[in-house]
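Visitor: I have never read a protein model before. Could you show me how to go through one, feature by feature?

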Amino acid sequence: ARGIWNKRRRLLVEALIRCGGSPTAHPRAAMASGRRDWLGSACTLAGVAAGSFLLGSWSAGLRRARAGEGGTAAGAASLKLGFATTDADPSAAATFSSCAAGAATAARRAAANGAADEAGGASVEELLSFLSQLPPKPIGARGAKPQDTHSTAKAVLLCASGKGGVGKSTVSVNLAYTLADFGLEVGLLDLDVYGPSLPELICLPSVQVMQNAAGRIVPLDYGGVALMSWGYIQPGEASTIRAPILAQIVSQLLTGVEWGNLDVLVVDSPPGTGDVLLSLSQTLTIDGAVLVTTCNNISFADVLKGVQLFEKVEIPPMLVVANMATFSCKQCGHSHELFTDSACAKLPKFLESQGIGLVRMPLDPLLSKTPDRPIPPVVRAYPFVRNPDNEGRPSWAAFNELARRVLQQLLAPSSGRSGGSSDRVTLKLRAGGALEVRLRGGELRALAPCELRATCRCAHCIDDMTGEVKIDKVRIRADVGLRATGVEPRGNYAVSVSFSDGHCSLVALRALERLAGGESASVGPAAARSTAGAW
């Protein structure tokens with residue numbers, strides 16, 4: 001039923017766009033078909049306009065919350081989508097938007113959970129709970145002053161490729177929107193200045209990108225994902241830019257965009273191993289990289305170079321996406337390999353030896369389809385993973401699996417990929433109820449049970465909807481008699497700790513490592529408010 005409704009909405013919006021906004025287009029057509037058809041069309045189009053107005057109100061409120069600059073940032077974001085800017089209370093619009101996207105989020109989580117059950121991994125809800133425990137880190141130049149921090153992200157993900165034409169931008173866009181459909185706050189940054197692909201994949205009205213009162217770039221918002229690309233700033237222009245100017249542009253895109261507080265920032269880097277990747281690694285702290293390739297010898301050689309570069313600049317390669325690996329035939333119902341050279345056998349063996357995961361993305365003609373005109377996000381026409389008509393296709397399921405495995409890798413303790421016991425973070429229960437954390441490399445650090453108990457972010461301690469703290473953290477931290485009574489591992493990502501007061505906390509290993517001081521993370525005042533009591 002949702003698919004039929006989306007098809008009807010899409011047809012109505014496309015009809016409205018074809019009319020070009022002419023006030024006489026619909027009346028003239030209605031004169032030929034009768035007054036009743038005209039009245040029905042007018043009522044239907046009025047409903048579409050009302051929905052667009054509500055979504056515009058919600059988008060404006062979201063931009064104000066992200067940018068923290070009042071109406072300037074909200075107005076700029078709403079303007080990009082062609083919606084009216086309003087200062088009204090966006091609660092009703094937020095309800096409308098959540099109803100429109102709630103079914104898609106539930107279906108995507110159910111599909112990802114089914115794949116997790118088959119693979120024996122954690123569910124999406126568990127992974128999202130673990131991710132919420134991570135403290136946000138600043139998005140900006142390394143060594144910047146805390147007061148200069150304007151945006152934060154709990155994880156920064158790099159999407160890269162050794163060569164062009166392998167579908168890297170398509171993968172990064174659909175991955176970002178899949179994570180957003182999981183319920184995360186996601187930003188997508190296109191760093192390709194010479195050939196930006198994001199404006200072609202996410203078609204927006206041609207409106208000038210705005211700056212807020214602080215002089216920082218306001219990202220665009222489409223379908224709940226914050227977007228920025230050089231192609232939006234200079235649309236349709238060939239970039240004849242020399243290297244020094246290129247470095248300044250990349251630096252401004254990395255540090256001068258006011259994203260607000262994100263869960264995940266996805267960075268779509270240009271192909272190859274050039275200056276942009278080096279500037280990126282020197283500016284931001286990247287939590288992991290996803291390499292996109294195809295199963296042929298030329299691309300396989302580029303994967304080797306990419307892995308070597310990431311190891312040099314200390315960016316952990318998490319997953320490799322073998323794009324266009326198979327083709328699902330509707331006639332016979334089987335999947336067929338598209339590449340038959342030796343790379344198909346060499347790539348899995350090499351990645352297994354390096355401890356890097358592999359995701360095989362099937363070829364789908366609809367995946368490469370791009371819009372030829374801007375369509376409001378309420379229609380959910382693009383990108384591929386937002387369209388409800390694509391649910392159940394092999395590529396749709398593959399992106400769910402890719403997003404779930406990305407969350408798994410982001411939550412894994414940062415370490416070498418050998419898998420030895422010295423590379424894992426563990427929590428031990430000692431005599432008398434004391435806790436001891438063994439960090440990567442074997443270093444031991446004591447952790448006060450009262451401190452761990454006070455930083456719990458479960459539903460009993462923190463309201464998920466409002467963020468209100470339900471416990472007295474000062475009193476808990478002062479309780480020196482509080483002891484741990486049990487420690488139990490939960491998969492590869494977390495540990496369950498029971499306390500003498502009867503409470504039980506589920507702690508992500510990555511958050512436990514940061515809490516014990518094994519991973520440095522400096523945050524500014526904007527992030528400090530969010531990390532007060534966060535792990």
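Guide: Gladly! Let's begin in a loop: proline 383 lies between β11 and α14. Those labels come from DSSP runs, with helices (H or I, at least four residues) and strands (E, at least two) numbered from the N terminus. This is a predicted model, so local features need pLDDT of at least 70 and side-chain atom pairs count only at pLDDT 80 or more, while totals for chains, interfaces and linings use all residues. Residues are numbered from 1 along each chain as its sequence is written, and side-chain values use heavy atoms, with hydrogens and water left out.

Visitor: Which peptide bond is cis?

Guide: Most residues other than glycine have a negative phi, and most peptide bonds are trans. Here, the bond from tyrosine 382 to proline 383 is cis, with omega near 0°.

Visitor: Which residue other than glycine has a positive phi near 55°?

Guide: Methionine 324 has a positive phi near 55°. You will find methionine 324 in the loop between β8 (317-322) and β9. Arginine 380, also not a glycine, has a positive phi of about 55°, and its place is in the loop between β11 and α14.

Visitor: Is arginine 380 buried or exposed?

Guide: Buried means under 20% relative accessible area, exposed over 50%, and partly exposed in between (1.4 Å probe, protein chains only). Arginine 380 has a relative accessible area of 7%, so it is buried. Methionine 324, at 26%, counts as partly exposed.

Visitor: What is threonine 326 in contact with?

Guide: Contact means heavy atoms within 4.5 Å. Leaving aside neighbours within four places in sequence, threonine 326 is in contact with Ser335, His336, Glu337, Leu338, Arg360, Met361, Pro362 and Leu363.

Visitor: How many aromatic pairs does the structure hold?

Guide: Rings of Phe, Tyr and Trp (its six-membered ring) pair if their centres lie within 6.5 Å; planes under 30 degrees apart count as stacked, over 60 as edge-to-face and the rest as tilted. The structure holds 1 such pair. Tyrosine 222 and tyrosine 382 are stacked, 5.2 Å centre to centre with 5° between the planes. Tyrosine 222 is in strand β4 (residues 220-222) and tyrosine 382 in the loop between β11 (357-360) and α14, so the pair ties together parts that are 160 residues apart in sequence. Both tyrosine 222 and tyrosine 382 are buried.

Visitor: At what angle do α7 and helix α14 pack?

Guide: Two packed helices are described by the angle between their axes and the distance between the axes. Axes are lines fitted to C-alpha atoms, for helices over the stretch in contact, and angles run from 0 to 180 degrees between N-to-C directions. For α7 and α14 (residues 394-411), the angle is about 75° and the axes are 9 Å apart. That makes α7 roughly perpendicular to α14. Angles under 35 degrees count as roughly parallel, over 145 as roughly antiparallel, 65 to 115 as roughly perpendicular and the rest as oblique.

Visitor: Which residues of α7 and α14 meet?

Guide: Thr170, Val171, Asn174, Leu175, Thr178 and Leu179 in α7 meet Phe399, Asn400, Leu402, Ala403, Val406 and Leu407 in α14. Follow leucine 179: its helix α7 spans residues 168-181, and its relative accessible area is 0%, so it is buried. Leucine 179 and asparagine 400 are 221 residues apart in sequence, but 8.5 Å apart in space, C-alpha to C-alpha.

Visitor: What order do the strands have in the open sheet with β12?

Guide: Strands of a sheet pair through backbone hydrogen bonds, either parallel or antiparallel. Two strands pair if DSSP finds at least two bridges between them. This open sheet of 3 strands has the order β12-β13-β14, with antiparallel pairing. Its edge strands are β12 (426-429) and β14 (444-447), each pairing on one side only. β12 and β13 (residues 435-438) are joined by 4 bridges; leucine 427, for instance, has valine 437 as its bridge partner. Another 4 bridges join β13 to β14. Between the strands of the β13 and β14 hairpin there are 5 residues, and glycine 441 takes a positive phi near 90° there.
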